[in-house]
Amino acid sequence: MAVPTFLRPITHGGWDSALMRWALILVFALFGYAKWFPYEAQALAPMLSNSPLLSWMPQALGLQGASFALGGVEWAICLGLIVGIWLPWVSVLASLGSVATFLVTLTLISSTPGAWEASAGGFPAMGAVTQFLVKDVVLLAGSFVLLKSSLCRVMSAHQTPDAQPQQRAAASVV
């Protein structure tokens with residue numbers, strides 16, 4: 001089947017990775033910004049206090065300190081994604097940070113009270129927390145897409161012109 005002319009630009013270039021990068025930059029910038037304000041720290045309290053991975057943070061840093069720390073991490077990932085435009089190895093590190101972030105936030109669904117709406121029979125009826133966190137499944141997938149793209153950029157930058165035909169031949173055997 002022939003692709004219509006107006007859709008052909010979609011099949012060429014790296015626009016998809018660039019779009020994912022900028023979407024993640026926006027998410028980390030905005031969520032990181034929110035962490036500097038008391039309203040966000042208060043919203044995080046039930047999730048942090050019940051998390052087996054993050055419950056130490058409010059105890060060690062206080063609630064607002066934990067929020068500051070999370071915001072700092074989010075802004076560091078955001079900055080890494082921006083710098084990664086020019087330095088692929090930085091993009092790999094930032095993408096790994098993004099993957100780790102969304103893996104951790106998805107664990108909050110299982111540990112936060114009210115994640116499943118009891119008045120609707122519990123699972124699979126999502127409570128407010130789960131409705132907020134379930135988007136992280138897509139952000140996790142996007143983080144893996146960007147990680148793959150970044151790794152490919154690093155690997156192609158380290159290939160020598162002589163090695164490319166040998167690697168292609170080896171890849172065709174596998």
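The mean positions of the 7 positive and 6 negative charges of the chain lie 12 Å apart. In this count Lys and Arg are positive and Asp and Glu negative, while His and the chain ends are left out; each charge is placed at NZ of Lys, CZ of Arg, CG of Asp or CD of Glu. The structure is a predicted model, in which local features need pLDDT of at least 70 and side-chain atom pairs count only at pLDDT 80 or more, whereas totals for chains, interfaces and linings use all residues. Residues are numbered from 1 along each chain as its sequence is written, and side-chain values use heavy atoms, with hydrogens and water left out.

### Overall form

The chain contains 7 helices and 0 strands, and its order along the sequence is α-α-α-α-α-α-α. Helices (H or I, at least four residues) and strands (E, at least two) are DSSP runs, numbered from the N terminus. The C-alpha trace spans about 60 × 40 × 35 Å along its principal axes.

The accessible surface of the chain is about 10,500 Å², and 74% of this belongs to carbon and sulfur atoms. Such areas come from the Shrake-Rupley method with a 1.4 Å probe, and for residues only the protein chains shown count as cover. Of the 174 residues, 34% count as buried. Buried means under 20% relative accessible area, exposed means over 50%, and partly exposed lies in between (1.4 Å probe, protein chains only). Among contacts in the chain with a separation of 6 or more, 67% are between residues 24 or more positions apart; a contact means heavy atoms within 4.5 Å.

Helix α6 covers residues 136-157, and its 22 residues should span 32 Å at 1.5 Å a residue; the end C-alpha atoms are 31 Å apart, which agrees. The expected span is 1.5 Å times one less than the number of residues. The buried residues of α6 are D136, L139, L140, G142, S143, L146, L147, S149, S150 and V154. These buried residues pack against α1 (15-34), α3 (56-83), α4 (88-111) and α5 (128-133).

### Individual residues

The table gives the relative accessible area of selected residues.

| Residue | Relative accessible area | Class |
|---|---|---|
| T101 | 17% | buried |
| W22 | 45% | partly exposed |
| E117 | 33% | partly exposed |
| T130 | 1% | buried |
| Q59 | 70% | exposed |

T101 is part of helix α4. Apart from neighbours within four places in sequence, T101 is in contact with F28 and I77. T130 belongs to helix α5, and T130 touches I109, A115 and W116 when residues up to four places away in sequence are not counted.

W22 is located in helix α1. The C-alpha atoms of W22 and W116 are 32 Å apart in space, and the two residues are 94 residues apart in sequence. Q59 is located in helix α3; its C-alpha atom is separated by 8.8 Å from that of S49, 10 residues apart along the chain.

### The loop between α4 and α5

E117 lies in the loop between α4 and α5. With neighbours within four places in sequence left aside, E117 is in contact with G122, A125, M126 and G127. Between E117 and Q64, which are 53 residues apart along the chain, the C-alpha separation is 28 Å.

P124 also has its place in the loop between α4 and α5. The peptide bond from F123 to P124 is cis, with omega near 5 degrees. In general, most peptide bonds are trans.
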